[in-house]
Amino acid sequence: MSVGLNIVICIKQVPETTEVEFDKETGRLKREGVAAVINPFDEYAIETGLRLREKHGGRVKVISMGPPAAEQALRDAIAMGCDEGILVSDRVFGGADTWATSLTLAKSIQLSGAHDIIICGLKTTDGDTGQTGPEMAEHLGEPCISYVSQIIDVKDRKITLKRSLDDGVETLEAPLPLIITVSKDVGQPRLATLRGRLAAKKAVINTITNKEMGMNPKELGLDGSYTRVTKIFTPEPHAGGEVIEGTPDQLADAIYAKLKETKII
Amino acid sequence: MSKPVNVGDACTGCGVCVSACPFGAITIVGDKAQIGDACRVCGACEPVCPVKAITMKKVEGPQSFSDWRGVLVYAEQREGKVHPVAYELLGRGRELAETLGEPVYAIVIGSGLAKAAEELVKRGADKVLTYDHSSLATYRDDPYSQILTEAVKELKPSIFLIGATSIGRALGPRVAAKLRTGLTADCTSLDIDPEIKVLLQTRPAYGGNIMATIYTQNSRPQMATVRYKVMTEAKIDPAHKGEIVKKSVDPSKLQDRVKILAFEAAKEQVSIVDADIVVSGGKGLGEPKGFDLIQRLATALGGAVGASRPTVDEGWIEYRHQVGLSGRTVRPKLYLACGISGAVQHQAGMKTSDVIIAINKDREAPICRISTLAAVGDLYEVVPRLIEKIKEQKGSGVP
């Protein structure tokens, strides 16, 4: 294929720290006042997309669903080298669980043109579900390969890649279009370049709202979600115990005694 | 329940809706439009129909789920051997089922499953469904998710639990989306609400800084992936009776768009996620070679080697060893942190370990505050002595 690959990267803006506060009334996150960054796992998805473009040519489109402020995450992705950013944002999208999120993203991707490969991060550092990619694959009717550790090649509308499971590494071949979620093994994400930053500043970020999607609001956001959060609480911290000092022998003895006491050995 | 999108008699089969459907869910069968399973009830077809034959049914109000009964456990297997997380799910699943007065089911997909099925009965399953086929020997996303979806539709369990292994967390969302139901990831506790009898699914989020309790509304089954080593395993009861149903495998469900070219088994005997003991090293090691010492201690204790993010970023050790927010979450019986200061991000991946022991030069390091025992000292002096002591004990034959 001479025209190259149409690559779509899904990213999410997350709080920089995970020490977050909750609004006890609504059970929702207080996102204000916390610095927001691209989900660290998604940076590996971006890196994967950029490397694919370097090797095979094409375009890297980055898409994010979130509040209007998530536009910054898209600009940061463009600064890394992505060609185009699309913000999926509408009040009716708010409060979506992974089902409603994946449905909205799938619809937006379809609206924004053809794709050969959709790349997602392994999971987000806030929600930590890893479900949105695979669920999106079902909405789109495409294959999904999770935990991709290395892309070997794309040829004749087929991709070969490796994925890392708990007990080993599989080498797989799949037809395009498809969805993959990538792990950190794909390679260290690049930093933004000066040229990229300039491009990011100038870039026009298109927004998709439900006006463009034309979906029933009942299918979206909180109303369209199958799961509901009923309670949010702070877990008991791991009880701190003793802090001991002494000679190396005494310390080793104390640890050994603790291992015995807790029946670990 | 009738379909949320209906095609009335006025339909002329003109096909306008077919091209309007963003999900490719509409086909013309005979001279009528037919809404297929891919329909997402987005409503795009309704306004385009020139003869107003398409109507959307509003799905509202409380629904009755009384025909969904029982707790189903997905029993992940490798080479015919059931993953222990399934026994844990059967343990908790039995308790949930008793609260509801409903049965416990297990389902296993693979090849050569006779023994696995018997074991699942002894572990408390009232009914075990087996999908046994030579081409299902190892996990494949497409066929496994298709078979599982069909099985759930037929069985109609109220609750469906899957172990949150790497396979479970890939399979779960595929099946949940096909079934159009909710899925709660990586739960650490499950309960039944005493009043409305729904499954309360509790899971950590934000790196374990908060816990959220979630329930599934307006859809069934109530699906959750559940973290390994959190629930108590069901004990073997040879007297427990259960039915084993060998299901036939529909060849059309075996189709796989993804082809497996090779498999390379992991070098390590145990991954950090499965290990009962994890010995981790951090920047305090000073150099990549420090992991040799960590490995020796891990070997002496029969555990796996973990690592903090900085050591992985420096290339001292591979990513699969990384514990923490951007690595793996572990919950071993013992987490032994050597030269790890214990930033919040690291704690997110290990703070629910049963026993935490830290060896660190800095008594003010955050890890010391959450450790069962924190030894303030040089790991290069303490660890070799500790290894000696452990070996001495083994050598002495004292149990």
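This is a predicted model: local features need pLDDT of at least 70, side-chain atom pairs count only at pLDDT 80 or more; totals for chains, interfaces and linings use all residues.
Let me start with A:Pro177, which sits in the loop between S11 and strand S12 (178-182) of chain A, where helices (H or I, at least four residues) and strands (E, at least two) are DSSP runs numbered from the N terminus. The peptide bond that joins A:Leu176 to A:Pro177 is cis, with omega at about -5 degrees. Chain B has a cis bond to discuss as well, from B:Arg220 to B:Pro221, with omega near 5 degrees, and B:Pro221 lies in the loop between strand S14 (210-216) and S15 of chain B.

Residues are numbered from 1 along each chain as its sequence is written, chains are lettered from A and ligands numbered from 1 in the order in which they are written, and side-chain values use heavy atoms, with hydrogens and water left out.

Staying with backbone geometry, two residues of chain B deserve a look. B:Lys197, in the loop between strand S12 (189-192) and strand S13 (199-205) of chain B, has a phi near 60 degrees, a positive value in a residue other than glycine. B:Lys229, also not a glycine, has a positive phi near 70 degrees, and is found in the loop between strand S15 (222-226) and strand S16 (243-247) of chain B.

What surrounds B:Lys229 can be listed: leaving aside residues up to four places away in sequence, B:Lys229 touches B:Glu88, B:Val273, B:Asp274, B:Ala275, B:Asp276 and B:Arg331, contact meaning heavy atoms within 4.5 Å. Its side chain also reaches the backbone oxygen of B:Asp274 at 3.0 Å.

Turning to chain B as a whole, its secondary structure comes to 11 helices and 22 strands, and its C-alpha atoms fill a box of roughly 85 × 50 × 50 Å along the principal axes. Of its 399 residues, 57% count as buried, and among contacts between residues at least 6 apart in sequence, 63% join residues at least 24 apart.

Two strands are taken to pair if DSSP finds at least two bridges between them; strand S5 (residues 71-74) of chain B runs parallel to S8(B), joined by 4 bridges, with B:Val71 opposite B:Val104. S8(B) is also joined by 6 bridges to strand S9 (residues 127-132) of chain B, again in parallel, and there B:Ile109 stands opposite B:Tyr131.

Finally, the interface. The contact takes 87 residues from chain A and 93 residues from chain B, and the two chains bury about 8,300 Å² between them, 57% of it on carbon and sulfur atoms, buried area being the accessible area (1.4 Å probe) that two parts lose on being put together, summed over both. In chain A, A:Asp166, A:Tyr226 and A:His238 lose the most area to chain B, together 10% of what that side buries.

How many salt bridges does the rule find across this interface? It finds 11, with a salt bridge defined as a side-chain nitrogen of Lys or Arg within 4 Å of a carboxyl oxygen of Asp or Glu; one example is the pairing of the side chains of A:Asp167 and B:Arg78, at 3.6 Å from N to O.

A strand pairing also crosses between the chains: S15(A) and strand S22 (residues 373-376) of chain B pair in the parallel sense over 4 bridges, and the bridge partner of A:Glu242 in S22(B) is B:Leu373.

Notes. A polar contact is a pair of N or O atoms within 3.5 Å; within protein, one must be able to donate a hydrogen and the other to accept it, and residues adjacent in sequence count only if both atoms are side-chain atoms. Buried means under 20% relative accessible area, exposed over 50%, partly exposed in between (1.4 Å probe, protein chains only).
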